[in-house]
Every structure is written in structure tokens, then in C-alpha cells.
Amino acid sequence: MVNVVDILINFAGDIFLAEAVKDFLSSKGFILDIHMTPNKDEISISIQENNIRKGNNLIKEILRNYLDEHNLTKYNVSEFENILTVGIPKKIEEISNLLMCEICGWRLNTEEELLIHRRTHWF
């Protein structure tokens, strides 16, 4: 039995990449339907597949190939539940204002909290 599998692809805020990949995927014969809300970074596609896992893996492979062919080597394709995400991985330090204890790695919001926390290591 063949099923229709719906896959959501998020482009982590990169609307231009989402539009380019949408156009690319539209040219593929096995895509039954593709939808992108204007000015959004997500694409919803439907493919005909006999196994959801196989469908996700096929789309991930196509996305990786697209990224490689367009020299977008910093981008990564990851999967969480039934959503594929295409984006540039960031370290938590690069995207967070949290401060980190150098001793244990605990994260805090303010310098004052960090100073108080550090004292717990001295007892």
C-alpha cells in the first residue's frame, strides 16, 4: 500500500533559501504537492511513499545534495519529530545572553547571579 506523506521543512528564518528550495523541489517528479506561505520560512510538501521514514530520508538526502551543489556547506539538515530544519548550527554562547560558570558550566542570567553561584564552589 502506498501512502501520502506530509513533510514540513523549516529554514530557520532564511526565506530566500526556502523559496529557492521550493522551486527546486517543485521540479522533482515525485512531489505531489508543495506549499509555502508567503514571507514564511517553511515549506510543506506531500510525497507518495510507502514508508514515512524512507520519505524523510529521501528529502533529507535531496536537501543535503542541494546545499552541497550550491556551496552552502555551513548549513545542516536536522530532524526533530516530523519536522526537517535547514540552517546554520550555532553554539549556545553565540545566540544566548546567558553567562556560564567556568567551573561547572551552569548558566545564569546576570553577573550578580554568576558571582553568587561561583561562591558555592568554594565551600
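Good morning. I begin with D33, which is partly exposed at a relative accessible area of 44%; buried means under 20%, exposed over 50% and partly exposed in between, with a 1.4 Å probe and protein chains only. The model is predicted, so local features need pLDDT of at least 70 and side-chain atom pairs pLDDT 80 or more, while totals for chains, interfaces and linings use all residues. Residues are numbered from 1 along each chain as its sequence is written, and side-chain values use heavy atoms, leaving out hydrogens and water.

D33 sits in strand 2 (strands are DSSP E runs of at least two residues, helices H or I runs of at least four, numbered from the N terminus). Beyond four places in sequence, D33 touches S44, I45 and S46, contact being heavy atoms within 4.5 Å. Its C-alpha atom is 9.8 Å from that of Q48, 15 residues away along the chain.

I45 leads us to the largest nonpolar core, of 22 residues, where I9, I45 and I59 have the most contacts. Such a core joins buried Ala, Val, Leu, Ile, Met, Phe, Trp, Tyr and Cys residues through side-chain atoms within 4.5 Å. Helix 2 gives the largest share, 5 residues. Beyond four places in sequence, the residues that I9 touches include I45, I59 and L63.

Finally, there is 1 aromatic pair (ring centres within 6.5 Å; planes under 30 degrees apart are stacked, over 60 edge-to-face, the rest tilted). The F24 and Y66 rings have centres 5.0 Å apart and planes at 50 degrees, so the pair is tilted. Because F24 lies in helix 1 and Y66 in helix 2, the pair ties together parts 42 residues apart in sequence. F24 is partly exposed at 22%, whereas Y66 is buried at 8%.

Notes: Phe/Tyr/Trp six-rings, centres within 6.5 Å; stacked < 30°, edge-to-face > 60°.
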